[in-house]
Amino acid sequence: MKKISRRSFLTVCGAAAAAAALTACGGSASSASTAASASTTASSAAGQAAGTLSGNVATGGSTSMKNVIAALTESFAEVEPGVTVSYDPTGSGAGITGATDKTLDIGLSSRALKDDEKSAVDGTVVALDGIAIVVNKDSKVADLTVEQLKKMFTGEISNWKDVGGDDGEIVLVGREAGSGTRDGFESIVDVKDSCKYAQELTTTGAVISAVEANPLAIGYASLSAVGDTVAMVTVEGVECSEDTVKDGSYKIQRPFVFVTNKSAALSEQAQAFVDFATSKDAADLIRTAGAVPVNE
């Protein structure tokens with residue numbers, strides 16, 4: 001399906017308006033014909049801009065992709081209002097299985113596909129999840145290894161002096177159970193369900209505020225949400241940035257993947273959603289949702 005962008009739509013409408021103005025000012029028959037043609041083109045463009053597709057696109061899987069899918073779905077509805085994109089947050093494994101057995105149009109996975117899965121499905125990376133490690137701005141600790149983070153968050157290392165900081169008990173601040181950011185951090189650092197949190201908070205902003213207020217605190221947050229009220233530590237000497245997440249050198253990251261069945265062609269509406277999600281126009285939507293876009 002060939003879609004027209006909002007910018008193109010406005011350009012066409014502008015051309016139609018200009019041609020109509022020439023006719024009103026006594027333009028020639030040729031100008032009138034041009035105006036009529038432009039008006040017809042504008043009407044056709046308007047129909048395309050309003051969306052011509054209908055039906056449902058069934059997605060499901062990764063809970064960590066919730067915010068990204070919500071942002072993409074909301075904006076896609078403006079392009080194709082006749083299409084409903086459903087989302088069932090059942091976990092990455094279930095998303096891959098759903099694409100494999102064709103119960104989902106698009107499976108969602110917050111991990112790369114395994115070799116044995118690639119025979120049945122394809123994976124398209126739509127974004128990367130960069131998770132920053134944040135400390136209080138007064139902290140003397142500027143760099144940590146993944147192994148140190150693992151020991152800190154499980155309580156094996158409980159004092160800042162053991163990782164190069166001042167003497168003081170480490171205060172672990174994290175997100176609530178069910179949070180995609182928490183799931184991402186715990187999966188990557190290999191501390192799933194074993195963290196000794198002092199605080200479990202319901203928003204990224206609350207985590208950042210708690211770390212800002214406590215010189216002994218450490219937490220994690222999506223890269224896009226971190227401002228200058230806290231400090232980001234480097235992980236094994238690499239800072240957390242869009243560039244280091246994209247090139248893979250920053251380790252606390254993972255891909256957000258659209259998974260599709262190799263043997264079944266996508267419906268027109270499902271393909272349109274994939275095209276939208278992987279377009280440059282979706283980059284800012286993905287960034288606002290807390291992830292790092294890969295296409296821009």
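Start by selecting helices α3 and α9: Leu72, Thr73, Ser75, Phe76 and Val79 of α3 meet Gln269, Ala272, Phe273, Phe276 and Ala277 of α9; contact here means heavy atoms within 4.5 Å. By type, the residues of this contact are seven nonpolar, three polar and no charged. This is a predicted model, in which local features need pLDDT of at least 70 and side-chain atom pairs count only at pLDDT 80 or more, while totals for chains, interfaces and linings use all residues. Residues are numbered from 1 along each chain as its sequence is written, and side-chain values use heavy atoms, leaving out hydrogens and water.

Now show both helices whole, α3 as residues 66–79 and α9 as residues 268–277; helices (H or I, at least four residues) and strands (E, at least two) are DSSP runs numbered from the N terminus. Their axes are 11 Å apart and the packing angle is about 115°, with axes fitted to C-alpha atoms over the stretch in contact and angles running from 0 to 180 degrees between N-to-C directions.

Next, select Ser109 in strand β3 (residues 106–109). Ser109 is buried, at 0% relative accessible area; buried means under 20% (1.4 Å probe, protein chains only). A polar atom of the Ser109 side chain lies 2.8 Å from the backbone oxygen of Arg111. Beyond four places in sequence, the contacts of Ser109 include Ser62, Met65, Phe256 and Val257.

Last stop: Ala217, in strand β8 (residues 217–222). Is Ala217 buried or exposed? Ala217 is buried, with a relative accessible area of 1%.

Note on methods. Buried < 20%, exposed > 50% of the residue type's maximum accessible area, 1.4 Å probe, protein only. Polar contact = N/O pair within 3.5 Å; in protein donor to acceptor, adjacent residues only side chain to side chain. Nonpolar A, V, L, I, M, F, W, Y, C, P; charged D, E, K, R; others polar.
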